[in-house]
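Let's take a walk through this protein together, one region at a time. Have the sequence at hand and turn the model as you read.

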Amino acid sequence: MIQKKVCLLGGFAVGKTSLVSRFVRSIFSDKYLTTVGVKIDKKLMAVDGHDVTLVLWDLYGQDEFQSIQETQLRGTAAYLLVVDGTRPATLETAHDLQQRTERIVGTVPFMVVLNKSDLAAEWRLDDSAVATSFARSAGVVRASAKTGDGVEAAFVTLTRAMLAR
Ligand code: GDP
Ligand code: MG
């Protein structure tokens, strides 16, 4: 059985916890509950004939990287960088987190998830510019933890990128 550690990284309230609960439990809540410390969930995936258990580390996400400990990132096989499509400032946070994370874990695969795609009228990102700015990512995808749109696809693409290594 293959088991892979995957960290969820991103600024404050971008939807890291919501994406995990959508993906693992198929639920969404409008309530904002601050994640304290680290929450770990597991999800069994079947991708391209491989069974892979994703061990999802939902890291406590203030905008300050200092709140994420180096020890929490250690052993990460891949990570999801979550951006709130209605808040461009969270893109800067994601860039910062990506660089700092790469310094610690090396060039492991990562996906950029532009979350809250259900809020189309409030969208403030140029998706293709984002993709260009994360040239080494395994993909940049729109998703919504609220509707579920794109969520499974993001994890499947990331899992595929890990298996390809
Ligand atoms: P975290 O701090 O990154 O873990 O963010 P949360 O998952 O706690 O989400 C922060 C807030 O954004 C909560 O009020 C969620 O209900 C809301 N939220 C998360 N994902 C979505 C989404 O896809 N669409 C919308 N409309 N709201 C979302
Ligand atoms: Mg959270």
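Is Ser117 buried or exposed? Keep in mind that this is a predicted model. Ser117 has a relative accessible area of 13%, and buried means under 20%, so this serine counts as buried. You will find Ser117 in the loop that runs between strand 5 (110–115) and helix 4 (127–133). Leaving aside residues up to four places away in sequence, Ser117 touches Trp123, Arg142, Ala143, Ser144 and Asp149.

Now turn to a pair of helices. Two packed helices are described by the angle between their axes and the distance between the axes. Here, the axes of helix 1 (residues 16–25) and helix 5 (residues 151–163) come within 9 Å and cross at roughly 90 degrees. The two helices, helix 1 and helix 5, are therefore roughly perpendicular to each other. Helix 1 brings Leu19, Arg22 and Phe23 to the contact, while helix 5 brings Val151, Glu152 and Phe155. By type, the residues of this contact are four nonpolar and two charged, with no polar ones.

From here, we can move on to the nonpolar core. The largest one has 25 residues, and Phe23, Met45, Leu54, Leu56, Leu80 and Phe155 touch the most other members. At least two residues each come from several elements, including helix 1, strand 2 (38–47) and strand 3 (50–59). Helix 5 gives the most to this core, namely six residues. Another core lies apart from it, with 22 residues, among them Leu81, Val105, Val108 and Phe110.

Finally, look at Met45: not counting residues up to four places away in sequence, Met45 touches Phe23, His50, Asp51, Val52, Leu54, Phe155, Val156 and Thr159.

Notes
Residues are numbered from 1 along each chain as its sequence is written. Chains are lettered from A and ligands numbered from 1 in the order in which they are written. This is a predicted model: local features need pLDDT of at least 70, side-chain atom pairs count only at pLDDT 80 or more; totals for chains, interfaces and linings use all residues. Side-chain values use heavy atoms; hydrogens and water are left out. Helices (H or I, at least four residues) and strands (E, at least two) are DSSP runs, numbered from the N terminus. Buried means under 20% relative accessible area, exposed over 50%, partly exposed in between (1.4 Å probe, protein chains only). Contact means heavy atoms within 4.5 Å. Axes are lines fitted to C-alpha atoms, for helices over the stretch in contact, and angles run from 0 to 180 degrees between N-to-C directions. Angles under 35 degrees count as roughly parallel, over 145 as roughly antiparallel, 65 to 115 as roughly perpendicular and the rest as oblique. Ala, Val, Leu, Ile, Met, Phe, Trp, Tyr, Cys and Pro count as nonpolar, Asp, Glu, Lys and Arg as charged, and the others, Gly among them, as polar. A nonpolar core is a set of buried Ala, Val, Leu, Ile, Met, Phe, Trp, Tyr and Cys residues joined through side-chain atoms within 4.5 Å.
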